[in-house]
Amino acid sequence: MKKAFITGITGQDGHYLSKLLLEKDYEVHGTIRRSSSINTGRIDPLISKYQNTKQLNLYYSDLLDSSSLNMLINKIQPDETYNLAAQSHVAVSFKNPIFTTQTGTLGPLSLLEAVRNSDKEIKYYQASSSEMYGGQMKGKLNEESLLNPKSPYAAAKVFAHHMTSIYRDSYSLFCSNGILFNHESPHRGETFVTRKITRAASRIKLGLQNKLTLGNLEASRDWGFAGDYVEAMWMMLQHDTPDDWVIATGETYTVRQFLEATFKKLDLNWEEYVQTSDKYLRPNEVEHLLGDPTKAKEELGWEPKTSFDSLVEMMVESDLNLAKREKVLVAEGLLEPTWENPTS
Ligand code: NAP
Ligand code: F7E
């Protein structure tokens, strides 16, 4: 049985990756952070399913606590390490630049050091991001495109990206960067724009909310499904040699188009409910991102399976079910009604 170590297992990708690896009979070890509220919601069904086995193991840790990372790598001796943990919200990175930068730079570096100092050969995956490109170029972005970060989040990702290839070249370690473009799902955090839209539209449909406030509607992103993208992470670590690969759909849509598609599925006219506010504009915006996943297709055999329309459909269906449950609780007086997205 192979062993995988995952940082950020409580996040969106942590959910899909741990599910995939457990189904492949891996022994999965993941880090969680202590929080005043329980933060394992996304993986609770997996915790229940595997509670009587030793297949899923969780440990308190933080990327800023290098001693705990060293201890865990030494104790677990994983075959594969997936570094998914990050303060991953770009807008928040302008508000908390030091935390975002420390987590995004010293975190991966501490983990790379733990891997380098281990007697075992451990494969390492770094969660790199399309944000590193900065959105200057209009064409499709590939592994050779210029990195031009525009936020503290993106600058930290560039550092980790380079350190991953430096450790690969300097120490012959099996370290790969997955340069993933935006990927979404029903498990996406509610303050990212896609989920903010599907959650709000579903609540509006059921009369739980009457408006949605957004920032820049003209930004465009290459949006894929997170479930497809974690398969690419795994494929990278099964490839003969370590390298960097772009993971994307090769299509781009604006926030406005995502809004239209979502509200249309609910037979609503988005223009009646949506307003914009400077509050959600960023000090430095990445206007346009479009990826070219040709190398991943040719070398890994990876292709996206989920279309833009299916992604929107999946997220709307899930958020409509959530809103229905919320409506019952409000009707029974068990929940206070809120008139905007609770986390907007
Ligand atoms: P996410 O949902 O925000 O999850 C981030 C995870 O990191 C959570 O488990 C979070 O823990 C954890 N974390 C945050 N700070 C930490 C710290 N200091 N120490 C330890 N854990 C910490 O992000 P995601 O969408 O799953 O993305 C996974 C990774 O891919 C991230 O590195 C992200 O930057 C990168 N990425 C994402 C996308 C995308 O479109 N989703 C695209 C490219 C790259 P809590 O649950 O306790 O907050
Ligand atoms: O913004 C615009 C916003 O926050 C997308 C992270 O996973 O993908 C993600 O970063 C676009 C931006 O994602 C609102 O200005 C408009 O242009 O959903 P987002 P992101 O910044 O692209 C990359 C690849 C990562 O690596 C990151 O970790 O939508 N937008 N109005 C808005 N965005 C938000 N959040 N909220 C709004 O109200």
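1. A salt bridge is taken here as a side-chain nitrogen of Lys or Arg within 4 Å of a carboxyl oxygen of Asp or Glu. By that criterion the structure, which is a predicted model, holds 18 salt bridges. Side chains of opposite charge can pair when their charged atoms come close.

2. Lys2 and Glu80 form a salt bridge through their side chains, with an N to O distance of 3.4 Å. Lys2 belongs to the segment before strand S1 (3-7) and Glu80 to strand S4 (residues 80-83), so the pair ties together parts that are 78 residues apart in sequence.

3. Lys265 takes part in two salt bridges, one with Asp309 and one with Glu313. In the pair with Asp309, the closest N and O atoms are 3.0 Å apart. Because Lys265 lies in helix H9 and Asp309 in helix H11, this contact ties together parts that are 44 residues apart in sequence. In the pair with Glu313, the N to O distance is 3.2 Å. That bridge also links distant parts of the chain, with Lys265 in helix H9 and Glu313 in helix H11, 48 residues apart. Each of these residues counts as partly exposed: Lys265 has a relative accessibility of 28%, Asp309 has 43%, and Glu313 has 39%.

4. Salt bridges with shared partners join Glu190, Arg199, Arg203 and Glu326 into one network.

5. An N or O atom in the side chain of Thr10 is 2.6 Å from an oxygen atom of ligand 1. A backbone N or O atom of Leu84 lies 2.8 Å from an oxygen atom of the ligand, and a polar side-chain atom of Tyr153 lies 2.6 Å from an oxygen atom of ligand 1. Taken alone, ligand 1 exposes 900 Å², and the protein buries 89% of that area.

6. Ligand 2 is surrounded by 23 residues, and the closest are Ser88, Ser129, Tyr153, Arg282 and Glu285. An N or O atom in the side chain of Ser129 is 2.6 Å from an oxygen atom of ligand 2. Backbone atoms also take part: an N or O atom of Thr191 lies 2.9 Å from a nitrogen atom of ligand 2, and one of Val193 lies 2.8 Å from an oxygen atom of that ligand. The protein covers 95% of the 700 Å² of accessible area that ligand 2 has on its own. The shell around ligand 2 comprises nine nonpolar, eight polar and six charged residues.

7. Most residues other than glycine have a negative phi, and most peptide bonds are trans. Asp25, however, has a positive phi near 70 degrees; the residue lies in the loop between H1 and strand S2 (27-32) and is partly exposed, at 49% relative accessibility. Asp267, also not a glycine, has a positive phi of about 55 degrees. Asp267 is placed in the loop between helix H9 (255-265) and strand S13 (274-276) and is exposed, with a relative accessible area of 69%.

8. Leu329, Leu334 and Leu335 make a nonpolar surface patch of about 260 Å². Leu334 is located in the segment after helix H11 (308-331). With exposed meaning over 50% relative accessible area, Leu334 qualifies because its relative accessibility is 60%.

9. Leu206 lies in the loop between helix H7 (193-205) and strand S8 (212-214). With buried meaning under 20% relative accessible area, Leu206 falls in that class because its value is 18%. Leu206 and Lys19 are 187 residues apart in sequence, and their C-alpha atoms are 32 Å apart in space.

How values were computed:
Residues numbered from 1 in each chain as written. Chains lettered and ligands numbered in written order. Predicted model: local features only at pLDDT ≥ 70, side-chain atom pairs only at ≥ 80, totals over all residues. Heavy atoms only, no water. Near = heavy atom within 4 Å. Polar contact = N/O pair within 3.5 Å; in protein donor to acceptor, adjacent residues only side chain to side chain. Areas by Shrake-Rupley, 256 points an atom, 1.4 Å probe, with all protein chains shown as cover. Nonpolar A, V, L, I, M, F, W, Y, C, P; charged D, E, K, R; others polar. Patch = residues over 30% accessible without salt bridge, like charges linked within 9 Å, V, L, I, M, F, W, Y side chains within 5 Å. Helix = DSSP H or I, 4+ residues; strand = E, 2+ residues; numbered from the N terminus. Buried < 20%, exposed > 50% of the residue type's maximum accessible area, 1.4 Å probe, protein only.
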